[in-house]
Amino acid sequence: MIDLIYLTVLLPLLGFLFNGLVGPKIKSEKLIGIVGSGAIGLSFIIVVGAFFETLALPVDQRLNIVTLFQWIAVAGLNISFSYQVDQLSLVMSLIVTGVGFIIHVYSIGYMHGDKSFWRFFAYLNLFIFAMMNLVLADNFLLLFLGWEGVGLCSYLLIGFWYDRKFEKSTTSAAGLKAFVVNRIGDFGFLLGMFLIYSTFGTLVFTDVFSRAVSFAVPEHIFVLIAIFLFIGATGKSAQIPLLVWLPDAMAGPTPVSALIHAATMVTAGVYMVARCSIIYASAPAAMMVVAVIGVVTAFFAATIGLVQNDIKKVLAYSTVSQLGYMFLALGAGAFSAGIFHVMTHAFFKALLFLGAGSVIHSMHEQQDIRHYGGLKKYMPLTYGTFLVAAVAISGIPPLSGFFSKDEILWYSFTNLGFIFWLIGLLTAIMTAFYMFRLYFMTFEGKEKFDHHKVHPHESPKLMTVPLVVLAVLSAIGGFIGIPEIFSGEHGNLFHSWLAPVFKTSEMKLLQFGSHSHFEELLLMIISVVAAAGAIFYARYVYLKKPEVAAKTSSKFKGIYNLLLNKYFLDETYEATIINPIVKGSESFLWKIADNKIIDGLINNLAKLIDIISGSIKKIQTGIAQPYALVMVLGILIALFWIIISYS
Amino acid sequence: MTLEIVLFILFASICAVSAVLMITRPNPVLSALFLVLNFCSLAGLYLILNAQFIAVAQIIVYAGAIMVFFLFVIMLLNPEKEKKFFEQKAKLRIFIIAIVALVLVQIVYIIFLSRPSEVITREVARSVETGTVENIGREMFTNYILPFEAAGYLLLAATIGALVIAKKKFE
Amino acid sequence: MQIPIEYYLILSAFMFTVGIVGVLTRRNAIVVFMCIELMLNSANLTLITYSSYLGDVAGQLFVFFVMSVAAAEAAVGLAIIIAIYRNKLTVNIDEINILKW
């Protein structure tokens, strides 16, 4: 099955071609949905097969490369379409195809009746194709191909309902914003790739990473490479300063938000940093940058999520915050913990988004949670699965979120220090609070909608079965990553599966002093108690005494306004960066450089030719005698010539 | 002072003078008549050079046919008389005369530069022999038959061309 | 004593240049044609001169053909002048400038 790994990339591409080319003519939604989901389902089966096959191999033989064909062979640069099947890429592939398949099935129900049903599935398949290229690539260039491809599909899918308005502008504008901000990050990524090539002479992962250890490269080169690559990651994974596109990306259909902006595309940055762990481990300054940005973003986004009133916006800021956690883990040197959180986050965040989609669907596209309330008796399955996801993300044991989040908090305490752990803890408290605020305002309490206009109902099976599957995964998914204090040495299955990938990097990192099991247990208890406390406080505020919320927000009006308007981040960017560039382009580049200089050059050249020819044409008088005179003059000169040459 | 030299001086001066007079007369009929005089003196020069056939052909064709044709056309079109030679565009004409005089000087210089007298000696008997009608006829119809036929075609084309160009349009 | 050949050649050159002056200065188209005939005749004179002095008949035959060509050319040229006269009612060269820019 390992040899067939390229099929996991090819099948989604075929699905895209089928749905894209033949889709408009097919009237049956079922056929389109089956082709679209079936392609991903088959890919998932192949990945599972490859996984078990790799599992059966001895540990040092678990890295296999499957080459399709050579792409570039120019002057020392040899790039081929090859796929690297190792522990890390298998984990990512399982997440992408598994969660992807579930979301495809859900979409068949969610997008029912949409006039561009076929286009949706075509784009989704194209996205999976690009994402699989990204996670399976064995060289930076192919990874970048996938990187750009997922950016493209994100743009296409955010602006899927291109004729709809979204906030102050259109959905296409939101898609464009995502694309452009991503592009800024990609510029950094490209610079990193150039630096890698000029330092190591190759772009293939295995060669680069082995040379990173064997070549004598000064540390500041590693720092530069790491920072540039990280800039690309901040763009793709919506960290500070390039996070502004993710909340706007909520303009797209909810399955898109679930798949792309929660489970897969935004984790591409995390994957990339984890893949290049050796480079980051060789540049401790860069690791600190990653950790700082990660933890600050996590805190920052969580504060904004506390006051948002659109259900998808809350989830969007929650995603940014959780991605911050993943980068915090990477910055602390706990690479496998970061990937573990990617996996658990994929489960519960996708579940949260799909559940939100189910609610939005039944409330007739209403997204403001102030108009929800008491939905639990109308949509029992959605309510139940949403609750499971909320508990998981808050980090309550024994659900999956607890294991992954706690591992991150523990490693940030041991490797980075108390302050990082503290900020992480505060963020976890806020996470639990806003998540349960969302839950209580939506499913419990008084009904705040007009019963005569809106009839909430449970969603069809096509939508609820995926919810149940994801709920089960969110609940039990953490058990493969039980920390050592409970499971003994090598008991953390996830960690030991990924350990060979990160072995060299972890050896390079400074070893901090050892900490006792007691400390770990103590911190664990503190975080669980704090999270539980936040949940009960949320219950108190939003269920029992709703006036408390209103009073607090009016008392701290300034802060409330700041948070509600997301710290005016978009406006700041607009004023300081975008407007000057637009004004400068308009007044200088357009009016002067383009109109006056370039156009002027061409036009004046033509005018010059016109003037010259205007004066030359007067020679042609139409009368024969002047012509004859010129001939005689010529004869004169010719005779001179003869005389001179003769004598 | 042989007869040859006297005749040469006579005919040559008539040629030169009539040529100059031809281009300066304002009346076109006068120009045509002076040209006839020029052709006739040229025929005389040809005779001195023992080119009998050509001399007679000159009189018949040039002076007798072509110039008559010219005079017909002049009478038909009745153009107005020009002004006197140096009365209009005087500066341009003086400039032209200067340039052409320069060309004449150059040609004369080249003639003397090539010193033909040292290379060519004239045998009177032979030149008499070459100018006779029999000689010309014999050469033309044996060695130069192709140009002869071509000239025939040319004249045919010219005839038809002149007819077509000058006739009145169909009504 | 024979006449040196240069005299004939100089006469011929003189007639040629006089013809050039005539072509460039006269305003009547028919007179311009006559000056062209003059130039042709000067070339004929040169040919006959050489033919006589060298004893080669080719020169005289050449003159024969030059004459026939000149006749044809005069015929066609004057036909054209007549056609132009019908349209423009003038044979003044300065006024026939249809090929002006």
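**Salt bridges, cysteines and a contact**

Modeller: Glu444(A) is buried, with a relative accessible area of 16%; buried means under 20%, exposed over 50% and partly exposed in between, with a 1.4 Å probe and protein chains only. This is a predicted model in which local features need pLDDT of at least 70 and side-chain atom pairs pLDDT 80 or more, while totals for chains, interfaces and linings use all residues. Residues are numbered from 1 along each chain as its sequence is written, chains are lettered from A and ligands numbered from 1 in the order in which they are written, and side-chain values use heavy atoms, without hydrogens and water.

Colleague: Which residue forms a salt bridge with Glu444(A)?

Modeller: A salt bridge is a side-chain nitrogen of Lys or Arg within 4 Å of a carboxyl oxygen of Asp or Glu. Here the closest N and O atoms are 3.5 Å apart. The partner of Glu444(A) is Lys376(A).

Colleague: How many residues apart in sequence are the parts that this pair, Lys376(A) and Glu444(A), ties together?

Modeller: Lys376(A) lies in the loop between helix 15 (335–362) and helix 16 (380–394) of chain A. Glu444(A) lies in the loop between helix 18 (418–443) and helix 19 (461–476) of chain A, so the pair ties together parts whose separation is 68 residues. Helices (H or I, at least four residues) and strands (E, at least two) are DSSP runs, numbered from the N terminus.

Colleague: Is Asp86(A) buried or exposed?

Modeller: Asp86(A) forms a salt bridge with Arg275(A), the closest N and O atoms being 2.9 Å apart. The relative accessible area of Asp86(A) is 2%, so Asp86(A) counts as buried.

Colleague: How far from Cys15(B) is the nearest cysteine sulfur?

Modeller: A disulfide is a pair of cysteine sulfur atoms within 2.5 Å, and the whole structure has zero disulfides. Cys15(B) is therefore in none. The nearest cysteine sulfur belongs to Cys40(B), at 9.9 Å.
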